[in-house]
Number of protein chains: 6
Amino acid sequence: MPIVNVVLLEGRTQAQKDDMYKEVTDALCRTLECRPDQVRIMVQDFANADFAVAGKSVEAILAERAARTG
Amino acid sequence: MPIVNVVLLEGRTQAQKDDMYKEVTDALCRTLECRPDQVRIMVQDFANADFAVAGKSVEAILAERAARTG
Amino acid sequence: MPIVNVVLLEGRTQAQKDDMYKEVTDALCRTLECRPDQVRIMVQDFANADFAVAGKSVEAILAERAARTG
Amino acid sequence: MPIVNVVLLEGRTQAQKDDMYKEVTDALCRTLECRPDQVRIMVQDFANADFAVAGKSVEAILAERAARTG
Amino acid sequence: MPIVNVVLLEGRTQAQKDDMYKEVTDALCRTLECRPDQVRIMVQDFANADFAVAGKSVEAILAERAARTG
Amino acid sequence: MPIVNVVLLEGRTQAQKDDMYKEVTDALCRTLECRPDQVRIMVQDFANADFAVAGKSVEAILAERAARTG
């Protein structure tokens, strides 16, 4: 423990994820008094079409935005 | 909030998912007194081979059914 | 399937949850072509102190808001 | 119920997963007094790059190990 | 890994859970070629009122059943 | 997004959790180019009896350790 599940929208680079693993692990160890080797982090990337806010997929929201700003 | 995770077997169309986002968001707002912009829904599609019922993958169950009804 | 996990902040009544189970199940069946008996919904209530937005627990956010509006 | 989510690192064969479904279902039924048809198991395969231990992705850990044992 | 989340309806004894931890861990190790110390299992107990099947909470389903069989 | 679920063993103070929310949110924003208001973190505390490593609950592991060091 801690076991951390990070839900993201697709699109981050592996370098960003690798930085995140390091910094989030450090933050958890500083604040929760745990050792780095006790920390597991998993990333779940969701496609824009599989994540919805206010009843609309992010894919649809972005498409509408693009259409408006043409 | 609410944050909703919907686990499905693979195969729904995007149109079905988009309808689901709208109708489930409306249902949540009607019953839980929340605003649409507070609702997040994520869909996790599982392959038939990665989901099991009664100790058998859905893939195996469907294959057996197909073999029986040949 | 579908298996639905609904994360909420504590505080909804059981009547609200029971209405939500019915209406969300109907919405899923209408849009995803599944039967009611295939739908499972679980509710996870989180205490305000165990849920954070923008780095602050909802508990702290509400306390600040109450202090401001005294 | 029970509904079981099994997080794995990518790489198991389907045969291994199918054996696991059977044996874990049997284990659950033996110990929790439930019927096989009440048991659902889902497998989430994570890429080595999407799972981190001690602040480093499994991908990076394996690469370093390979480099050391070159 | 594996990291296993077991969702249950409230009511199992600790002895049942302890047996389950042992037998499920053994089943995972036999079928997925992993070591016991790599296996983590967490149990989430849901109240009957927080879990619904076919649009009705288990609590309501059991109450109706009790009323019918008086 | 990101939506972060942190599974912990029971026992952290609220002050530790509040520090964790702040520092993990900052770490995510630094590395994933997101805004604090986009970050949601939820903490799931597990009782020692509901979390097992290597087939044994943490509760049992700690009891054995205490008995050995009497």
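1. In strand β3 of chain D, the bridge partner of A:Ile41 is D:Ala52, where strands are DSSP runs of E with at least two residues, numbered from the N terminus. This pair belongs to an antiparallel arrangement in which three bridges join strand β2 (residues 40-46) of chain A to β3(D), two strands being counted as paired if DSSP finds at least two bridges between them.

2. The model is predicted, so that local features need pLDDT of at least 70 and side-chain atom pairs count only at pLDDT 80 or more, while totals for chains, interfaces and linings use all residues. Residues are numbered from 1 along each chain as its sequence is written, chains are lettered from A and ligands numbered from 1 in the order in which they are written, and side-chain values use heavy atoms, with hydrogens and water left out.

3. One salt bridge is found across the interface of chain D and chain A, the term standing for a side-chain nitrogen of Lys or Arg within 4 Å of a carboxyl oxygen of Asp or Glu. The side chains of D:Asp50 and A:Lys17 form a salt bridge, at 3.0 Å from N to O.

4. With chain E, 24 residues of chain D are in contact with 24 residues of chain E, and the area buried between the two chains is about 2,200 Å², with carbon and sulfur atoms giving 66% of it. D:Met1, D:Thr31 and D:Leu32 supply 29% of the area that chain D buries against chain E, more than any other three residues.

5. Two salt bridges are counted between chain D and chain E, and the side chains of D:Arg30 and E:Glu23 meet in a salt bridge at 2.5 Å, N to O. The strands β1(D) and β1 (residues 3-9) of chain E pair in the antiparallel sense over five bridges, and the bridge partner of D:Ile3 in β1(E) is E:Val7.

Conventions
Contact = heavy atoms within 4.5 Å. Buried area = accessible area lost by both parts, 1.4 Å probe. Helix = DSSP H or I, 4+ residues; strand = E, 2+ residues; numbered from the N terminus.
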